[in-house]
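Work through the exercises below with the structure open beside you. Each task is followed by a stepwise solution.

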Amino acid sequence: MYIGNTPAENYASFLTETFTVSATASYTLSHAVANENDIRLVINGVVQQPGSGKAYTASGTTLTLTSATASGDSMYAVYLGRALQTVNPPNASVGNSQTAPTIITGQTAEATIATDDTILIHDTSASALRKMTRANFVSGIGGTNTPIIYVKNNAASLSNNTTQKLTMNNEIIDTASAFASSKFTVPSGQNGKYYINLEVETFETADTINTVKGLIYKNGSVYAQGQQIDAASNHAAMRPSVDCIVSLVATDYIEFYIYVNGTDDLAANTSATIFKLIE
């Protein structure tokens, strides 16, 4: 009968290990200990004194005797600390039933994650849990929208009733140095799907523009076009645009063209955007 709380330890039994003895002073314990005071060592029926400079020392699973045993000696150890649960559980010995359901969900949730914070993942090839920094984790996800091209030409002179290549002489953005001579050439290693947009604003002084087309060429042929038409031919300005998604491989090239039907002092402001899509 107890007054107050029942003691946590009830009839704890001590684990005993018997050794196969030889002429050596070094032995391996079956269970790790903090030090020699966690075991009682008995040789030939005599309890040995633990400690440095005495009969034996122990650390982890290493048991070291001051003097070597002889063949025919008997030796066993009683794990004193193990019965009181002062040692770590063996590797891979903790299962789902030994952990609380709130071991993770009960913790404070992170609102942000730092670059050097670690993320727990499961390595399927090794059937093991691994940790990885946030920086390494995100580096393997998705991709980038490069190369990115944005070019312009202000007040380009145009010929009437003629499909002509647009001279884009103002490179605002060219991340891969892939735009030259008013032509984008796909760099090596940048195969993929690309978004392309062409914006055209044509104008003239006599309000007689009838038709304007913006054209995107791939490898010298029309790939996509957009147009604006006014049968009355009374516009001083028109602003068609055209965009598309196209699969490109290295050395494929993109150019931009325009067609205008008007009569007087035709000119255009143009801009083009190209970037690779993340797949």
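The model is predicted. Among contacts between residues at least 6 apart in sequence, 69% join residues at least 24 apart. The chain has three helices and 20 strands.

**Exercise 1.** Find the order of the open four-stranded sheet and identify its edge strands.

Solution. 
- Step 1: Trace the order, which is E1-E6-E3-E4. The pairing is antiparallel.
- Step 2: Look for strands that pair on one side only. These are E1 (15-18) and E4 (46-47).
- Step 3: Check one pairing. E3 (residues 39-43) joins E4 over two bridges, and Val 42 stands opposite Val 47.

**Exercise 2.** Describe the largest nonpolar core and name the members that touch the most others.

Solution. 
- Step 1: Count the members. The core has 30 residues.
- Step 2: Phe 184, Leu 198 and Phe 256 come out on top.
- Step 3: E9, E14, E15, E18, E19 and E20 each supply at least two residues.
- Step 4: Separate off the second core. That one has 15 residues, including Phe 19, Val 21, Leu 65 and Ala 77.
- Step 5: List neighbours of Phe 184 beyond four places in sequence. Among them are Pro 147, Ile 149, Tyr 194, Leu 248 and Ile 274.

**Exercise 3.** Classify the ring pairs Tyr 195 with Phe 275 and Tyr 217 with Tyr 257.

Solution. 
- Step 1: Start from the total, four aromatic pairs.
- Step 2: Take Tyr 195 and Phe 275. Their ring centres are 5.3 Å apart and their planes meet at 35°, so the pair is tilted. Tyr 195 lies in E14 and Phe 275 in E20, so the pair ties together parts 80 residues apart in sequence.
- Step 3: Read their accessibility. Tyr 195 has 23% and Phe 275 has 25%. Tyr 195 is partly exposed, and Phe 275 is too.
- Step 4: Take Tyr 217 and Tyr 257. The centres are 4.0 Å apart and the planes are at 25°, so this pair is stacked. Tyr 217 sits in E15 and Tyr 257 in E19, 40 residues apart.
- Step 5: Apply the 20% limit for burial. Tyr 217 at 13% is buried. Tyr 257 at 16% is buried as well.

**Exercise 4.** Is Ser 271 buried or exposed?

Solution. 
- Step 1: Ser 271 lies in E20 (residues 267-276).
- Step 2: Read its relative accessibility, 13%, so Ser 271 counts as buried.
- Step 3: Inspect its contacts. Ser 271 touches residues including Tyr 150, Met 168 and Leu 198.

Terms used
Residues numbered from 1 in each chain as written. Predicted model: local features only at pLDDT ≥ 70, side-chain atom pairs only at ≥ 80, totals over all residues. Heavy atoms only, no water. Contact = heavy atoms within 4.5 Å. Pairing = 2+ DSSP bridges. Buried < 20%, exposed > 50% of the residue type's maximum accessible area, 1.4 Å probe, protein only. Core = buried A, V, L, I, M, F, W, Y, C linked by side-chain atoms within 4.5 Å. Phe/Tyr/Trp six-rings, centres within 6.5 Å; stacked < 30°, edge-to-face > 60°.
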